[in-house]
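Subject: Structure handover

Hi,

Here is the structure I said I would pass on.

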Amino acid sequence: MVFFSLIIIVTCSGLSWYFLYNKQATMTQQLTNIGRILVKNLTFNPRVRFAIATEDLLTLTEFADVALAVEDVVYVVISDSEGKPLVAKTKGAFTDGTHRVRSPKTPLYPDPTLAPRLLQTSTTEPILSYMAAREGSDPQVRVAERGNPLWPSAVGGEGVYDLALPVTKPADRDLLLEGPSLESQETLAPPRKGAETSPRIYGLIQVGLSESRLSQALMEAVRTSALLTMLIILGGIAGTILLTNRIITPLRSLAVIARRISGGDLSATVQPTTDDEVGELTTTFNSMTQSLKDRDQAISRNLETISRQVRQLTTLNQAGAVITSTLELDRLLSTVLQLLTDNLGFARMALFFYDQESGHARLVRVSGIPEDIVRLWGQIDIPVRDQDTLGAETLIRGKPLLVQDLEAVSERVYPPALDIMRRIQVRSFVMAPLRTQQRILGYLAGDRGDSRCTQEDLDLLTTVASHVAVAIDNARTYHQLENLTESLEHRVRERTQELLAANERLRELDKLRSAFVSIVSHELRTPMTAIRGYVDNMLDGLTGPLTDKQSHYLNRVKFNADRLTHMIAELLDLSRIEAGRVEVHWSSVNLTELVEEVVDDLRRPASEKGIAIETRSVGSTLVVRADRDKLGQILTNLVGNASKFTPRGGRITVETSLVEPEQVQISVTDTGCGIPPDELPKVFERFFRGGAVPPEARGAGLGLSIVKSLVELHRGRVSVESRVGEGTTFFVTLPINQPDQPRPGGTA
């Protein structure tokens, strides 16, 4: 309401001000136009000009009286060329401003200082000045800008517009010719030669127009406009109030009803009082309230359903917990039946087991049934035959059953069981088979007393029955497994004793094997040394000259003796490594120098086979903490192994480099036959010999296994890359610094 009221007030006030401003500007323009016309008529009148020139005061007085007769003219002043008034006529100032009464006794004239200033101006258009005349004081003059009318500003006095125009005449005219009888000669007489062409001022005419009538008209317009504006504003505000009340009253009613609805009272409604948008809103609100009421009822029903389902799920969860927590069949069945009776609303529950061999069903557990009835049930074996009976339907066909009325299916129930069910007043019940993947173990039955069972009860009981069936099957299987476990434990204990005895025998045999290898190796070295000595003596000619054939045979004997000696040494090294009797002597080793020494020792036999060996060292001299002898053995085995498999004309490259800030790498690359991909994982195994190795290059298959063991003693790693027909590269990576404690399997 305030917002629209402010809009109405601002709009109406702005329009009123705009109207008054335009009206004032129009009236001011009309007033000044009258003054301009009057001044121009006097100024350009030949008789007035002649009278000013001849100072004919009578004529000037007549013209002044004529001009003063105009209603808004308050004074007429005609001055000579020096600004001295010739004729001055005035109606006087107001003695009673309310009734607009003037008195010549209180004359009203322009400021005397204004005329001299105006005589210095040469113009053909009247000069407009504004004076605010106050009683008892001289008028205050303010010159108005041309084309911009001034708003009346007299305070306690009267505002006057002074319009003045100098009387001019060209210099080449004779003033006597300006007489009334010679008007026509003014246009006929040509200017004299040599005369001045600029106009000459010889008088001034001033006419004062009062703005009192204009102010009075404006005040009347202001009063009228203010009254109309006020009436429009009041009418607009009244209309706004009526319209707002038309909207607010129904909305307040809606707010009250909404608070009642938020408090829970969904019966509250509001009647629509209009047919407009508010009425539609009220109707929609009532529809929403009804929808909320319907939804609340639906939510209540859903909550009841959810609560029932929560109870069911809780029961299922508890039953599942019991099923998974115990494998004792008696405790399992009693607990599950009690849960179903207490939480799901079943009045009585019964569980029957089915014996497929005898074809009978027998009661095993009940809940909610008196003891005497339980004893009667215990005396009954219900025969199950493939006929139209409830037992056959459930136990043979595996179908869950919902019976709404016992009497309707009485002919399908075993008679002794029917009598007992009638005795305990069973009316409606459900039956769910205890089915596993292999067979049906029995069925679970229940009723709700006087209430009828529903499909939901059957679905729930079927779900429970499936879990119970699995639990029963697991319990039975557990007892079977328990018996089997006891027998297996007995057999395992017997086998364990046998394995312990066999393991002890294997340990003894392993000790005997190691001792045998060590003894045989040591014993073989002595005769082999003798054989090599005799062969060397014979080859050196100590036994006499030899034929070529004898030299050939002796060289072959020496070669095989060297091979056998190498194999014996490898066997001894391997036996010491396996027994953990390898001593590691740590020292700072210049790896570059060591590589050069090993390569120098092997370069001669390699060159005899036409194989070139070169070394490369990337970076500065590499110093590592290692066992110099073991590291030399690693290099000797790798380079020697490369020489075996590199054909004549091949090349072997030994390269050392710093791969990480604290690790060095030794790579041995040959251009031999290569290793097939399927044999690469086996090259470091003991006694492994590749299928593609030529017979003359075959050894005991222990060299790479010894290399791997020695590298691991140095806390390093060894790897291999190979391509068949192109060659093989072995990589040995070692740490530069070694800790003080020895590697397991060796001594420091």
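Strands β13 (residues 429–435) and β14 (residues 440–447) pair in the antiparallel sense, over 7 bridges. Within that pairing, valine 430 has glycine 446 of β14 as its bridge partner. One caution before going on: this is a predicted model.

**The sheet**

β13 and β14 belong to an open sheet of 6 strands. The order is β11-β10-β9-β14-β13-β12, and the pairing is antiparallel. The edges are β11 (382–383) and β12 (401–403). Each has a single partner strand, so one side of each is left without a neighbour in the sheet. Helix α8 (residues 329–343) lies across β9 (348–355), β10 (360–367) and β14. Helix α8 runs at about 65° to β10.

**Aromatic pairs**

The count comes to 5 aromatic pairs. One of them joins phenylalanine 352 and tryptophan 377. The geometry is edge-to-face, at 5.5 Å centre to centre and 75° between the planes. Phenylalanine 352 lies in β9 and tryptophan 377 in helix α9 (residues 371–378), so the pair ties together parts that are 25 residues apart in sequence. Both phenylalanine 352 and tryptophan 377 are buried. With Tyr443, they form one aromatic cluster.

Another edge-to-face pair is phenylalanine 684 with phenylalanine 730: 6.1 Å centre to centre, 85° between the planes. Phenylalanine 684 sits in the loop between β20 and α16, phenylalanine 730 in strand β22, 46 residues apart. Both phenylalanine 684 and phenylalanine 730 are buried.

There is also a charge over a ring. The charged end of arginine 448 sits over the ring of phenylalanine 346, 5.0 Å from its centre.

**The core**

The largest nonpolar core has 43 residues. Leu631, Ile634, Leu638 and Val732 have the most contacts inside it. Elements that each supply at least two residues include α14 (591–608), α15 (628–645), β20 (663–670) and β22 (727–735). The largest share, 7 residues, comes from α14.

What does valine 732 touch, leaving aside its neighbours within four places in sequence? Its contacts are Ile634, Leu638, Val664, Gln665, Ile666, Val711, Arg717 and Val718.

**Alanine 67**

Alanine 67 lies in helix α3 (residues 57–68). Its relative accessible area is 0%, so it counts as buried. Beyond neighbours within four places in sequence, alanine 67 is in contact with Leu38, Leu42, Val73 and Val76. Alanine 67 and leucine 38 are 29 residues apart in sequence, but 7.2 Å apart in space, C-alpha to C-alpha.

Best wishes

Key: Residues numbered from 1 in each chain as written. Predicted model: local features only at pLDDT ≥ 70, side-chain atom pairs only at ≥ 80, totals over all residues. Heavy atoms only, no water. Pairing = 2+ DSSP bridges. Helix = DSSP H or I, 4+ residues; strand = E, 2+ residues; numbered from the N terminus. Contact = heavy atoms within 4.5 Å. Axes fitted to C-alpha atoms, helices over the stretch in contact; angles between N-to-C directions. Core = buried A, V, L, I, M, F, W, Y, C linked by side-chain atoms within 4.5 Å. Buried < 20%, exposed > 50% of the residue type's maximum accessible area, 1.4 Å probe, protein only. Phe/Tyr/Trp six-rings, centres within 6.5 Å; stacked < 30°, edge-to-face > 60°. Lys NZ or Arg CZ within 6 Å of the ring centre and 35° of its normal.
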